[in-house]
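Work through these exercises with the sequence and the model side by side. Try each task before reading its solution.

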Amino acid sequence: RLEKRLYVQRNTDRGPVLDTIAENGTLKVGDRVVVRLVLRADRDLEFVHLKDMRGACLEPLNVLSGYRWQGGLGFYESTKDVSTEFFFSSVPRGTYVFEYPLVVEQTGEFSNGVASVECLYAPEFAFHTEGIRINVEGGQ
């Protein structure tokens with residue numbers, strides 16, 4: 001299973017706080033958005049590809065691709081024009097949480113893409129999330 005949630009990061013007196021962006025949520029240009037992907041594997045998997053599509057109004061802050069370690073799992077993260085992709089050589093059974101930051105760049109109505117996960121050598125083990133709509137208003 002795969003779950004995708006978007007959060008807007010707000011700075012408060014007690015530090016940064018993540019607020020959930022609801023369906024048709026409204027953002028402002030310059031807002032920092034955190035994407036949280038929760039991957040739940042009910043069995044050990046090998047050669048897994050996770051692809052997260054993003055809306056046209058969102059630009060990644062991590063633009064350099066490379067090997068990363070997050071949530072107890074090593075993976076290669078590749079940032080592309082319309083997506084961020086994760087490649088795993090193995091995923092042991094369990095729950096893993098991945099986060100990465102984006103920034104809102106344009107005003108308008110946008111569709112935030114879906115996230116999909118697939119075991120490359122056993123494509124019957126695949127899942128995808130739903131997309132949500134994002135409304136972006138003028139600057140902060």
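**Exercise 1. Which residues make the nonpolar surface patch of about 360 Å²?**

The model is a predicted one.

Step 1. Name the members. The patch is made by F47, L120 and Y121.

Step 2. F47 sits in strand β5, residues 45–53. Y121 belongs to the loop between β12 and β13.

Step 3. Patch members need over 30% relative accessible area. F47 has 39% and is partly exposed. Y121 has 69%; the cut-off for exposed is over 50%, so Y121 counts as exposed.

**Exercise 2. Classify the ring pair F47 and Y121: stacked, tilted or edge-to-face?**

Step 1. Count the aromatic pairs. The whole structure holds seven.

Step 2. Take the distance. The ring centres of F47 and Y121 are 5.3 Å apart. The limit for a pair is 6.5 Å.

Step 3. Take the angle. The planes stand at 85°, so this pair is edge-to-face. The cut-off for that class is over 60 degrees.

Step 4. Look along the chain. F47 and Y121 are 74 residues apart, so the pair links distant parts of the chain.

**Exercise 3. Classify the ring pair F75 and F88, and say whether its members are buried or exposed.**

Step 1. The centres lie 5.5 Å apart and the planes are at 55°, so the pair is tilted. An angle under 30 degrees would count as stacked, and one over 60 as edge-to-face.

Step 2. Locate the residues. F75 is in strand β8 (residues 73–79), and F88 is in strand β9 (residues 83–91). They are 13 residues apart.

Step 3. Widen the view. F75 and F88 belong to one aromatic cluster together with F86, F98 and Y100.

**Exercise 4. Is D52 buried or exposed, and what does its side chain contact?**

Step 1. Find D52. It lies in strand β5.

Step 2. Read its accessibility. The value is 0%, and buried means under 20%, so D52 counts as buried.

Step 3. Find the polar partner. The D52 side chain makes a polar contact with the side chain of K4, at 2.5 Å.

Step 4. List neighbours. Leaving out residues up to four places away in sequence, D52 touches several residues, including K4, V35, L37, V82 and Y100.

Step 5. Link back. Y100, touched by D52, is also a member of the aromatic cluster in Exercise 3.

Terms used:
Residues numbered from 1 in each chain as written. Predicted model: local features only at pLDDT ≥ 70, side-chain atom pairs only at ≥ 80, totals over all residues. Heavy atoms only, no water. Phe/Tyr/Trp six-rings, centres within 6.5 Å; stacked < 30°, edge-to-face > 60°. Helix = DSSP H or I, 4+ residues; strand = E, 2+ residues; numbered from the N terminus. Buried < 20%, exposed > 50% of the residue type's maximum accessible area, 1.4 Å probe, protein only. Patch = residues over 30% accessible without salt bridge, like charges linked within 9 Å, V, L, I, M, F, W, Y side chains within 5 Å. Areas by Shrake-Rupley, 256 points an atom, 1.4 Å probe, with all protein chains shown as cover. Salt bridge = Lys/Arg side-chain N within 4 Å of Asp/Glu carboxyl O. Polar contact = N/O pair within 3.5 Å; in protein donor to acceptor, adjacent residues only side chain to side chain. Contact = heavy atoms within 4.5 Å.
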